[in-house]
Amino acid sequence: MDLPGHGTSDRPQGFGYTLDDRADALAVALDAAGAAGAELIAHSTGGAVAIVLAHRRPDLVSRLVLTEARLDAFPPTTTAGSAITAHGEGEFVEKQYARVLDAVGPLWAATMRRPTRAPCIAVPSASAGGRAR
């Protein structure tokens with residue numbers, strides 16, 4: 001599953017993008033699929049999301065396989081990722097994206113697609129009838 005705002009998925013404006021919000025979105029998807037006791041394979045931020053989900057909804061997760069995960073699923077707000085999240089989407093797209101590409105170098109930059117201000121879609125949330133807690 002591509003998390004909202006990652007990969008080629010949409011970036012809904014009303015979505016919070018915290019680890020808790022992402023874990024809730026994953027819980028809604030697993031609940032909708034009737035997938036209890038899932039084996040989750042997760043990479044990078046997805047690993048932190050999987051840890052949060054396993055902690056909050058152990059009924060949904062039987063096993064975790066994590067690679068290059070942020071193992072601190074409850075990081076302080078001063079982590080490196082906060083340098084990006086401190087900017088609004090418009091400001092990041094218009095001003096900061098080029099700076100990030102310069103900082104990471106050409107090989108890593110080639111893996112990063114340009115963010116767009118795509119139309120937003122609704123994402124199910126716990127408050128919209130999902131069972132996520």
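A: Let's start with Glu-39 and Arg-63, which are both exposed (exposed means over 50% relative accessible area, buried under 20%, and partly exposed in between, with a 1.4 Å probe and protein chains only). This is a predicted model, where local features need pLDDT of at least 70 and side-chain atom pairs count only at pLDDT 80 or more, while totals for chains, interfaces and linings use all residues. Residues are numbered from 1 along each chain as its sequence is written, and side-chain values use heavy atoms, leaving out hydrogens and water.

The side chains of Glu-39 and Arg-63 form a salt bridge, at 3.5 Å from N to O (that is, a side-chain nitrogen of Lys or Arg within 4 Å of a carboxyl oxygen of Asp or Glu). This pair links distant parts of the chain, as Glu-39 lies in strand 1 (residues 38-43) and Arg-63 in strand 2, 24 residues apart. Helices (H or I, at least four residues) and strands (E, at least two) are DSSP runs, numbered from the N terminus.

Elsewhere, salt bridges with shared partners tie Asp-20, Asp-24 and Arg-56 into one network. In one of these bridges, the side chains of Asp-20 and Arg-56 meet at 3.4 Å, N to O. Here too distant parts of the chain are linked: Asp-20 is in helix 1 (residues 19-33) and Arg-56 in helix 2, 36 residues apart. Asp-20 counts as partly exposed because its relative accessibility is 36%, and Arg-56 is partly exposed because its value is 25%.

Arg-56 also forms a salt bridge with Asp-24, the closest N and O atoms being 3.2 Å apart. Asp-24 belongs to helix 1 and Arg-56 to helix 2, so this pair, 32 residues apart, links distant parts of the chain as well. Asp-24 has a relative accessible area of 16%, so Asp-24 is buried. By this rule, the salt bridges come to 5. As a general point, side chains of opposite charge can pair when their charged atoms come close.

One more residue deserves a look. Arg-57 is in the loop between helix 2 (45-56) and strand 2 (61-67). Arg-57 counts as buried because its relative accessibility is 1%. Its side chain makes a polar contact of 3.1 Å with the side chain of Asp-31 (a polar contact being a pair of N or O atoms within 3.5 Å; within protein, one must be able to donate a hydrogen and the other to accept it, and residues adjacent in sequence count only if both atoms are side-chain atoms). Another polar contact, of 2.9 Å, joins the side chains of Arg-57 and Asp-59.
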